[in-house]
Amino acid sequence: MGADRGIHVEVDEKTILEPLSVAKLFSAIAKKENPNLIIMGKQAIDDDAGQTGQMLAGLLDLPQANFVSKVDIGEDKLLATCEIDGGLETVECSLPAVITTDLRLNEPRYASLPNIMKAKKKPIDKYKPSDLGVEITKRLETLKVAEPAARKSGVKVESVDELIEKLRNEAKVL
Amino acid sequence: MRVYDQKELYELASTFALEEMAPNMEKWDKEEFIPKDLLEKASTLGFGKLYVSENGGGVGLDRETTSVVFEALSRGCVSTTAYLTLHNTCAWMVDAFGTEAQKEMYLEKLGNMEYLGSYCLTEPGSGSDAMSLTTTAKKDGNKYILNGTKVFISNGGDSDIYLVMARTGGPGPKGISTFIVPKDSVGLSFGKKERKVGWNSQPTRSVILEDCEVSVENLLGGEEGKGFKFAMMGLDGGRINIASCSIGGADASLRAAIEHTTVRNQFGQEISKFQNTQFEIAEMAGKLNASRAIVRQAARLLEAKVPMATASCAMAKQFATDACFDICNRSLQLHGGYGYLKDYPVQQYMRDTRVHQILGGTNEIMKLVVSRSILNSV
């Protein structure tokens with residue numbers, strides 16, 4: 001576990017960063033760094049957006065595989081198993097590519113003590129959005145947040161006839 | 001090291017302890033072994049060389065951070081962690097006092113726990129009166145011939161390297177030297193495995209030297225007469241380490257007591273609602289935190305190499321091992337009858353921490369060290 005160096009894009013504490021802004025920042029960095037593979041999480045735990053990786057791939061015009069729970073990385077392409085609503089989808093992408101990961105992808109190892117100590121000395125380059133030529137102003141406004149209607153309690157019927165009558169006339173599914 | 005960074009290491013060691021050690025501590029106690037793969041995992045994370053210097057290939061932690069790591073590991077198994085601390089002492093001694101050739105030969109493998117180490121000072125006739133030890137080492141050409149018996153040696157018989165304190169000169173401390181004795185040495189044998197009340201995951205045996213041949217290259221530091229000083233310096237750190245193990249065990253016991261008393265119901269309510277339980281828990285928490293404070297302060301003083309470090313380590317060891325055994329014992333009481341069953345871990349923390357009041361220098365000797373330091377400066 002671990003990395004050789006880090007890049008920190010500094011924004012003001014109070015800034016609300018939207019997925020497109022983040023994707024644009026990463027896109028600018030990717031153009032500097034030319035990575036062969038970009039690994040992102042599938043969705044953040046604060047906004048649950050699940051958009052950034054996909055947008056980044058779009059901005060960089062790179063292939064993408066999302067919700068990846070298994071990946072085999074070859075010389076110039078990768079084979080990914082993606083968790084989708086209906087089951088599992090296998091996707092092949094040429095490299096460079098963007099993948100967004102599902103928790104089932106791997107089991108993190110323990111970081112060793114010597115590596116934790118070394119991490120403190122590794123370089124972290126810092127940028128501001130303006131250094132990267134990226135505008136991060138908020139474009140979206142949340143108008144309303146509401147819970148879905150609460151599930152109503154059911155009704156006990158006395159006979160099959162009554163069931164059919166309700167299904168036809170009340171639930172209107174027959 | 002900054003508190004923020006110490007916290008990170010504490011989290012790592014605690015996670016390791018709770019996931020890799022705690023689920024197995026009952027089995028290791030009952031079957032009396034530590035699996036090789038646990039030691040391997042521990043060694044890849046650096047747990048065999050916490051305070052070996054960075055130059056020596058170690059993690060290079062200061063003594064206070066080391067204490068924090070051992071405390072965390074002890075939550076998972078006191079006995080196994082206690083052995084790790086003894087191994088760490090051996091690796092540190094080679095790093096701190098060894099010649100370049102000795103470090104070349106042994107340090108990396110000790111650091112990675114490819115070689116396990118045992119510290120051999122105590123004899124049947126010399127425990128508290130350590131400097132009266134009678135194991136002899138007579139020079140004979142390019143060898144030393146060692147004769148004597150060491151008793152109560154942790155991991156004796158299973159270790160690869162034995163650091164043996166033996167008499168090369170006259171009586172008293174200045175006549176003692178330290179030798180690196182490899183397991184396959186001619187004339188080295190081991191006694192039966194002792195049957196103990198606790199510390200069962202690691203074997204304890206006598207180490208028997210009968211015309212045991214040790215190369216002159218293996219005189220630690222290459223100089224006779226330094227052995228006692230090396231041993232005592234090793235012990236200062238060893239005392240902090242053992243106290244840290246007591247703290248980890250007491251921490252785990254207190255948490256267990258809190259859980260049990262909030263779940264156990266008698267007389268129509270959780271027993272944690274009774275004032276006696278509340279006062280017990282408060283006192284236990286107070287003693288636990290006082291133990292942490294005194295041990296960590298002693299660790300800082302040892303790190304700073306100040307003259308009062310030795311007495312501080314002794315004071316911390318005595319206070320913390322007594323207080324923490326008491327916490328484990330009280331926790332057992334708060335569990336009621338369940339505390340006495342081996343299905344519950346609290347009895348193992350109690351049994352394992354009991355011996356910390358004895359080894360590494362009895363708490364009575366600790367009081368002598370402390371009182372001498374105080375009265376001699378009057």
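**Figure 1. The middle domain annotation of chain B.** UniProt places "domain: Acyl-CoA oxidase/dehydrogenase middle" (unreviewed entry) at residues 119-212 of chain B. UniProt positions follow the numbering used here, feature names are shortened, and annotations may be inferred rather than shown by experiment. This is a predicted model, in which local features need pLDDT of at least 70 and side-chain atom pairs count only at pLDDT 80 or more, while totals for chains, interfaces and linings use all residues. Residues are numbered from 1 along each chain as its sequence is written, chains are lettered from A and ligands numbered from 1 in the order in which they are written, and side-chain values use heavy atoms, with hydrogens and water left out. Residues 119-212 of chain B are 0% helix and 48% strand. The end C-alpha atoms of this span are 17 Å apart. Helices (H or I, at least four residues) and strands (E, at least two) are DSSP runs, numbered from the N terminus.

Figure 2. The UniProt feature "domain: Acyl-CoA dehydrogenase/oxidase N-terminal" (unreviewed entry) covers residues 5-113 of chain B. That span is 71% helix and 0% strand. Its end C-alpha atoms lie 25 Å apart. UniProt places "domain: Acyl-CoA dehydrogenase/oxidase C-terminal" (unreviewed entry) at residues 225-375 of chain B. Here the chain is 75% helix and 3% strand. The end C-alpha atoms of residues 225-375 are 28 Å apart.

**Figure 3. Domain 1 of chain B against domain 3 of chain B.** Chain B is divided into domain 1 (6-116), domain 2 (118-225) and domain 3 (228-372). These bounds come from an automatic or database domain assignment. The centres of domain 1 and domain 3 of chain B, taken over C-alpha atoms, are 20 Å apart. In this pairing, 25 residues of domain 1 are in contact with 33 residues of domain 3. Contact means heavy atoms within 4.5 Å. The two domains bury about 2,400 Å² between them, with 58% from carbon and sulfur atoms. On the domain 1 side, Arg63(B), Glu71(B) and Val78(B) lose the most area to domain 3, together 25% of what that side buries. Buried area is the accessible area (1.4 Å probe) that two parts lose on being put together, summed over both.

Figure 4. A salt bridge is a side-chain nitrogen of Lys or Arg within 4 Å of a carboxyl oxygen of Asp or Glu. Arg292(B) and Glu71(B) form a salt bridge through their side chains at 2.7 Å, N to O. The elements giving two or more residues to the domain 1 side are α2 (25-31), α4 (63-74) and α5 (78-97) of chain B. α5(B) gives the most, with nine residues.

**Figure 5. Chain B meets chain A.** Contact joins 18 residues of chain B to nine residues of chain A. About 1,100 Å² is buried between the chains, 72% of it on carbon and sulfur atoms. In chain B, Leu12(B), Leu45(B) and Val59(B) lose the most area to chain A, together 40% of what that side buries. Two salt bridges are counted between the chains. The side chains of Glu54(B) and Lys121(A) meet in a salt bridge at 3.6 Å, N to O. Helix α1 (residues 3-21) of chain B gives the most to the side that touches chain A, with eight residues.

**Figure 6. Leu50(B) in its loop.** Leu50(B) lies between α3 (36-44) and α4 of chain B. Leu50(B) counts as buried because its relative accessibility is 0%. Buried means under 20% relative accessible area, exposed over 50%, partly exposed in between (1.4 Å probe, protein chains only). Leaving aside neighbours within four places in sequence, the contacts of Leu50(B) include Leu113(A), Val59(B) and Phe70(B). Leu50(B) and Arg63(B) are 13 residues apart in sequence and 8.9 Å apart in space, C-alpha to C-alpha.

**Figure 7. Thr100(A) in strand β6.** Thr100(A) sits in strand β6 (residues 97-101) of chain A. Thr100(A) is buried, at 0% relative accessible area. Its side chain makes a polar contact of 3.1 Å with that of Asn66(A). A polar contact is a pair of N or O atoms within 3.5 Å; within protein, one must be able to donate a hydrogen and the other to accept it, and residues adjacent in sequence count only if both atoms are side-chain atoms.
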